[in-house]
Amino acid sequence: MMTYKLAITGKHHAHLVDHLLPGDGLEAAAILLCSKSSDRRLLVKCVLPILHSNCKVRLPDQITWPGTAIEEAIDKAELEGLSIVLIHSHPGGMFDFSSVDDESDRRVIPSLFEGAVSPSTPHGSAIMTPDGAILARIYQRNLSFEYVESVICASDDISIWRASDIGKLAKRPMAFSSGMREDLSHITACVVGVSGTGSIVAEQLARMGVGRLILIDFDLVEFKNMNRIINATLEDAAAERNKAAMFASRVKLYRDDIKIDVIEASIGSREAIEAAGEADLLFCCVDSFEGRQMCDLIASTFLQPLFDVAVTIPTRRTENNEVAIADACGRLDYVYPGGSTLLDRNVYSPESLRKEYLRSVAPEDYDEQVAAGYFKGVKEEAPSVITLNMRAASACVMELIARCYPYRHEGNDAFSRTTFSLAACEEEYDRECDFNNLENANLGCGLKEPLLGMPCFSVEGEVA
C-alpha cells in the first residue's frame, strides 16, 4: 500500500522552527500550502506563519486557530489546487497527536474541505517538537486519516522523521550499521542513467537496502558495454535488452524484498519525469548536458536532494604528437532544494546545451574537438573505465550516507562539490556559499502545468 510522504526545504523548516518554537513554552501555529509530485507525495511550497497574538488561546498544550487565517489559506490554496496542512508546536516534546489535537482537528479540518472547490485535494495537520521533528497526518473528506509515513528535509544534512517513531525517542541510525539498512528500506531512490556509472550506483543502493528503486534509461545493452555495465551479459547485448530492465532483473536474483520500477524512456519524456517525481532521492548518472538539465529541473520542482556524478579523462599531445592521458578525474555535486542548482554551478549552461544540440542534429557541422564520451579529444567506442566509474559511483553513494547518517569530522556544509584527480592524487571541495544561488521559479511547483515550467511537457489544454 502506498503511504503519504511530505518534503520540505531546509529554509522553510528553519522558518518553522523560529516561529513555532519562540522559547516561551507555549504552542504556536502556522499553515503549510503543499503541491504534489505524485498522489501520495506532498511538497511544502509556502509557509504562512500565524501571529502569536492572533491565537485566542496559546497554552503549553493547546492552541486555537483564527478563522481569518484559515480563510486566507483556503483562498491561496484554491488558486493552484494546493493541499493545506495545519501545523503547530509541541513545546513539551510529545511526538504524537494529543486528544486535544484530535478534537481540534475534528472542528477545523472540515472547514478546509467545505471551503475548497476540488473535492479530491487532501488536507492535513502536523506537529513539531523542540528538536525540529515533524509528524503529520492527511485527512479525507469523511475525516478518516493516514499518518504521513515520513517527512524529509534536505539541506546540508538530510533529516527524515517517521510516523513509526510515534511515542518513541527517535534516534538516527549509525552509518554503515544494520540500523542504517533498515532505515533505507523506507527510501525510494531514482537513478537516471543505468550505464557505466549509474549501474554501479544502483547496485550499491540495492545492496545497501534501499526499499524502492526507480530506474530510468532509454538505451539498450550493447557488446561494447560489457566492460563497464554491472550485471550485463553477452546474452543481454545479443537480445538488445533495455539497460534499466536488464539491471532490474538481476537485482531480483539477490533481493526479493525490493520494489523496482523500470522506465524505458528518456528523462526528457513526461513519463520519466512523473516517475522520477515519486522518489525521495535523485541520482543523475547521465553523460549529456540536456540530461543534467532535466534532473536539475526535476529535483527543484519536486523538492528532491540531487546527487550528480561525472567522470572524464582529459588527453594531451606529447612532443611526438602522440595522445597521452592528462588526467583521470571525477566530480560529484550534492544539490539540495532551495540551494544552488547545477545551472547556478555552471555544470551546464545555455551555450553548452546549444552546442550539444547542434552536435546531435548536425554533427557534420560541428567541427570542435571530439567532446562526447569519457575521453576528451579521442573517440573511444569501448573505453575500459570501470575502475574510474567505480571510484566516482562509490563517492556518490558515500555522499548519501554522509548526508543521512553524518560521520565526517567536519560538517556536511563543506562538501557541496567534490572533485578528484587521480593523476595528481588530489581531492578538492567546494561549499554551498562558493556558488551563486539565483531565484528558482520551479522550486516546489510539483505537477503544476506546464510540467517543469516547460510548455513542451504540458498536457493539452493545461498550459496557463
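Select Ser-150 first: at 4% relative accessibility, this residue counts as buried, the cut-off for that term being under 20%. The model on the screen is a predicted one. Ser-150 belongs to strand β10, which covers residues 150-154. Next, display the residues around Ser-150. Setting aside neighbours within four places in sequence, Ser-150 has contacts with Tyr-4, Lys-5 and Leu-6, and also with Ile-160, Trp-161 and Arg-162.

Keep Ile-160 selected and turn to the second largest pocket. Which residues lie nearest the centre of this pocket? They are Ile-160, Asp-165, Ala-170, Lys-171 and Arg-172, out of a lining of 23 residues. The volume of the second largest pocket is about 570 Å³. Now colour strand β11 (158-162) and helix α4 (178-184), each of which supplies at least two residues of the lining. The greatest contribution to this lining comes from β11, with five residues. Colouring the lining by residue class shows 10 nonpolar, five polar and eight charged residues.

Is α5 largely enclosed or largely open? Nine of its 11 residues are buried, so the helix is largely enclosed by the rest of the structure.

The last stop is a pair of helices. Two packed helices are described by the angle between their axes and the distance between the axes. Select α9 (residues 289-301) together with α10 (residues 350-361): they pack at an angle of about 130 degrees, and their axes are 9 Å apart. That angle makes α9 oblique to α10. Which residues meet where these helices pack? On the α9 side, select Phe-289, Glu-290 and Gln-293; on the α10 side, select Ser-352, Leu-353 and Glu-356, which they meet. The residues of this contact divide into two nonpolar, two polar and two charged.

Note on methods. Residues numbered from 1 in each chain as written. Predicted model: local features only at pLDDT ≥ 70, side-chain atom pairs only at ≥ 80, totals over all residues. Heavy atoms only, no water. Axes fitted to C-alpha atoms, helices over the stretch in contact; angles between N-to-C directions. Helix = DSSP H or I, 4+ residues; strand = E, 2+ residues; numbered from the N terminus. Parallel < 35°, antiparallel > 145°, perpendicular 65-115°, else oblique. Contact = heavy atoms within 4.5 Å. Nonpolar A, V, L, I, M, F, W, Y, C, P; charged D, E, K, R; others polar. 1 Å grid on protein atoms, 1.4 Å probe; cavity = no way out; pocket = protein on both sides within 12 Å on 5 of 7 lines; lining within 4 Å. Points joined across faces, edges and corners; volume = space filled by probe spheres on them. Buried < 20%, exposed > 50% of the residue type's maximum accessible area, 1.4 Å probe, protein only.
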